[in-house]
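Please look at the sequence and the model before reading on.

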Amino acid sequence: MRLVAIAALAIACGKPAKPRSTTTLVVNVTEGGKPVAARVLLFSAPNTAVHIGTTDLFGQRQGAGACAIAPGVLGSWDGLILAHGTGEVPIGVDTCVPSPGIKYG
């Protein structure tokens, strides 16, 4: 048992720390003071939407290509989906494919 614990510690020490975002977008959507689920569209330039994930369904729609970008927040091809009306979204670093879902700038 002791050998297993030592081996687990040795393996864990060899893993590099996951990169963390230095910038967070905090979004709150309310109606009458109460949080409501919402979709938030992001634009990087005039009339240029920020797409998160991939269009994996016949090359036209998004099926499994969306990603959980933060707790309660799904990054989709058509913007952020806030399940509970609030979210803290990392900018520049996430687990989306391709990553980052939302680039700096």
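## Basis of the report

The structure is a predicted model, in which local features need pLDDT of at least 70 and side-chain atom pairs count only at pLDDT 80 or more, while totals for chains, interfaces and linings use all residues. Residues are numbered from 1 along each chain as its sequence is written, and side-chain values use heavy atoms, with hydrogens and water left out.

## The disulfide

A disulfide is a covalent bond between the sulfur atoms of two cysteines. Here it is assigned when a pair of cysteine sulfur atoms lies within 2.5 Å, and the count by this rule is one. The bond is formed by Cys67 and Cys96, whose sulfur atoms are 1.9 Å apart. Cys67 belongs to strand β7 (residues 67-70) and Cys96 to the segment after β10, so the pair ties together parts that are 29 residues apart in sequence. Strands are DSSP runs of E with at least two residues, numbered from the N terminus.

The torsion about the S-S bond of Cys67 and Cys96 is about 50°, so this disulfide is right-handed. Both Cys67 and Cys96 are buried, a term that means under 20% relative accessible area (1.4 Å probe, protein chains only).

Two strands are said to pair if DSSP finds at least two bridges between them. Strand β7 runs antiparallel to strand β8 (residues 73-76), and three bridges join them. Ala68 is placed opposite Leu74 of β8. The hairpin of β7 and β8 has two residues between the strands, and Gly72 in this hairpin has a positive phi near 75°.

β8 also pairs with strand β9 (residues 79-82), in the antiparallel sense and over four bridges. Gly75 has Leu80 in β9 as its bridge partner. The hairpin from β8 to β9 passes through two residues.

## Asp94

Asp94 lies in the segment after β10 (86-91).

The side chain of Asp94 does reach the backbone nitrogen of Cys96, at 3.0 Å. The side chains of Asp94 and Ser99 are joined by a polar contact of 3.0 Å, that is, a pair of N or O atoms within 3.5 Å, one able to donate a hydrogen and the other to accept it.

Conventions:
Buried < 20%, exposed > 50% of the residue type's maximum accessible area, 1.4 Å probe, protein only.
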